[in-house]
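I opened this notebook page to record what I looked up in the structure shown below. The entries follow the order in which I consulted it.

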Amino acid sequence: MNRVHVPVLAGELIELTAPAPGDTVVDCTFGAGGHARLIADRIGPSGTLICIDRDPAAEEHFEELAREVACETRFLRMDYAEGLALLREEGVSADVVYLDLGISSMQVDARERGFSYSYDAPLDMRMDPGQQLDAREIVNTWDERQLAQLFRRLGEDPNANRIAREIVRRRERAPIQTTGELVAAIEGALPAAVRRSFGGGSPAKRVFQAIRIAVNSELDSLDRALPLAWELLRGNGRLAAISFHSLEDRRVKRFLAERARGCVCPPDFPVCVCGREPEAELIGRAVVPTAGEMADNPRAKSGRLRAARKLREAA
Ligand SMILES: C[S@@+](CC[C@H](N)C(=O)[O-])C[C@H]1O[C@@H](n2cnc3c(N)ncnc32)[C@H](O)[C@@H]1O
């Protein structure tokens, strides 16, 4: 039985985005709807909640929520960047758009989906089971240089080269089919002293993260989604994102900071000639979970929430 996902930084998300009765809110990463449920309570019967997720399992949770909440609801089963583009085409405007990035507990705990290095399962890791590229293809067809680059760039793994070399060596004998075989290859690539340095942690964590991000084009979706989400917002609308690693957080931070920036004239110009006005006001600094939340929900540990308010709609 899969545990239902416990929403991370939920109270903080509500506080920063301040959904009000009658608002239109877009949840880009519905999951089990933990955040969405809290939002629905705030926007009430005159509000509209649009939920996006590319995982069919999320749609089942959505159907349950739609029966229970008073607001108008809608679900788009697609990549959130595509969902936001579709809403824009339809002329939808939103008061709040938020993303809760990464994977849900249901995805990690569904052993057969191959997201976890803790269970032996077919190498898969697709959030959308209808898409072609899966982890097995990456592990068995990318060349050694591509794999090393992937583990370095998206996993920030200092052992990237060794691990890539060992994967290629093993797959020459037989394709790597399961998460267990991949974990064995990763462990086999590392000298005992390096393996011991992980203590209770797994040396496979970073590699699994990197492969998952690549399988699901996570950073590319985020890069496409942020400007679309921003465009969808009305004046005074709020955009928020909860990220779980620095690659995501850096993108969110840069995107919001860029919008909150005013004049870009060189400091020695006596007067402003660029005329640039900030489009956004940052809503505080990044928020991280309290010690209590981390103790109750260890998956919250690396969560980081950032939010900004749109000062005015584009002319
Ligand atoms: C961390 S979970 C969200 C949990 C949710 N906030 C809750 O309270 O239950 C992230 C969800 O986003 C979905 N997701 C991730 N990237 C996506 C993308 N590019 N497009 C659509 N859904 C995506 C995943 O399938 C997963 O269900």
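**Entry 1: Histidine 5**

I located histidine 5 in the segment before helix 1 (10-17). Helices (H or I, at least four residues) and strands (E, at least two) are DSSP runs, numbered from the N terminus. I note that this is a predicted model, in which local features need pLDDT of at least 70, side-chain atom pairs count only at pLDDT 80 or more, and totals for chains, interfaces and linings use all residues. Residues are numbered from 1 along each chain as its sequence is written, and side-chain values use heavy atoms, with hydrogens and water left out.

I found the side chain of histidine 5 at 2.9 Å from the backbone nitrogen of serine 105. This is a polar contact, that is, a pair of N or O atoms within 3.5 Å; within protein, one must be able to donate a hydrogen and the other to accept it, and residues adjacent in sequence count only if both atoms are side-chain atoms. Leaving aside residues up to four places away in sequence, histidine 5 touches Ala32, Asp100, Ile103, Ser104, Ser105 and Met106 (contact: heavy atoms within 4.5 Å).

**Entry 2: The ligand**

I then checked the polar atoms. Histidine 35 places a side-chain N or O atom 2.8 Å from a ligand nitrogen, and a backbone N or O atom of glycine 33 lies 3.2 Å from a ligand oxygen. For aspartate 79, a polar side-chain atom is 3.4 Å from a nitrogen of the ligand. The protein covers 98% of the 600 Å² of accessible area that the ligand has on its own (Shrake-Rupley method, 1.4 Å probe).

I traced an open, mixed sheet of seven strands in the order 3-2-1-4-5-7-6 (strands pair if DSSP finds at least two bridges between them). Strand 3 (72-76) and strand 6 (280-282) are the edge strands, each pairing on one side only. Strand 1 (residues 24-27) runs parallel to strand 2 (residues 48-52) over four bridges, and valine 26 stands opposite isoleucine 50 in strand 2.
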